[in-house]
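Student: Please take me closely through one part of this model, the packing of its secondary-structure elements against one another. I would like one connected account, with the cut-offs behind each term.

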Amino acid sequence: MYDIWLALNILYELFLGYLPLILTLAVVWLVLMAIAFGRGRAGWRRGFGPALAIALLVAIAAFLGVPSLTKSSLSEMGYWVDWANLLAIALGFGGVALALAWPLFAALRRRLR
C-alpha cells in the first residue's frame with residue numbers, strides 16, 4: 001500500500017512541475033477544437049481512425065522510450081507497480097496525442113454533405 005501512495009505522491013509532484021506544459025497543451029487543444037468546429041462539417045468519424053493510429057504509435061513509443069529517459073530499462077522493471085506506472089504513462093501520452101490529432105484530422109477530413 002505504501003508503494004501505491006508513494007507513486008501517487010510522485011505523480012502529483014510531477015503534475016505540479018509540468019503544470020505550464022499542461023496548460024499550454026490545453027490551450028492548443030482548445031484552438032484545434034475551435035478550428036475543427038469553425039470550419040464546419042468536421043469529419044469526426046473519418047478523422048478518428050488516423051488519429052487513433054497516431055495515438056497508438058505515440059503510446060508504443062512512450063512505452064518503449066520512457067524507461068531509457070529515466071536512465072532505466074525494461075529489464076530493470078521487476079515489480080508490478082513499475083509496469084502499471086509505465087503503462088499509465090504510455091497511455092497518457094497516447095491520450096494526449098489522440099486529443100490533439102483527432103480535431104486536426106476531423107478538420108482535414110470534412111464531410112462532403
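Tutor: A crossing is called left-handed if the near helix is turned anticlockwise from the far one by less than a right angle, and right-handed if it is turned clockwise; helices here are DSSP runs (H or I, at least four residues), numbered from the N terminus. The model is predicted, so local features need pLDDT of at least 70 and side-chain atom pairs count only at pLDDT 80 or more, while totals for chains, interfaces and linings use all residues. Residues are numbered from 1 along each chain as its sequence is written, and side-chain values use heavy atoms, with hydrogens and water left out.

Let us centre on helix 4, which covers residues 80-108, and begin with its partner helix 3, residues 44-69. The axes of these two helices come within 7 Å and cross at roughly 150°, where an axis is a line fitted to C-alpha atoms over the stretch in contact and the angle runs from 0 to 180 degrees between N-to-C directions. Helix 3 and helix 4 are therefore roughly antiparallel (over 145 degrees; under 35 is roughly parallel, 65 to 115 roughly perpendicular and the rest oblique), and their crossing is right-handed. Their contact (heavy atoms within 4.5 Å) has 26 nonpolar, two polar and no charged residues, taking Ala, Val, Leu, Ile, Met, Phe, Trp, Tyr, Cys and Pro as nonpolar, Asp, Glu, Lys and Arg as charged, and the others, Gly among them, as polar.

Leu86 of helix 4 gives a view of the surroundings of a single side chain: leaving aside residues up to four places away in sequence, Leu86 touches Ala62, Phe63, Val66, Pro67, Leu74 and Met77. Its C-alpha atom is separated by 7.6 Å from that of Val66, 20 residues apart along the chain. With a relative accessible area of 4%, Leu86 is buried (under 20%; exposed is over 50% and partly exposed in between, for a 1.4 Å probe and protein chains only). Lys71, in the loop between helix 3 and helix 4, is instead exposed at 77% relative accessibility, and its phi is near 60°, a positive value in a residue other than glycine. Most residues other than glycine have a negative phi.

Aromatic rings also join helix 3 to helix 4. Phe48 in helix 3 and Trp102 in helix 4, 54 residues apart, form an edge-to-face pair, 4.8 Å centre to centre with 65° between the planes; rings of Phe, Tyr and Trp (its six-membered ring) pair if their centres lie within 6.5 Å, with planes under 30 degrees apart stacked, over 60 edge-to-face and the rest tilted.
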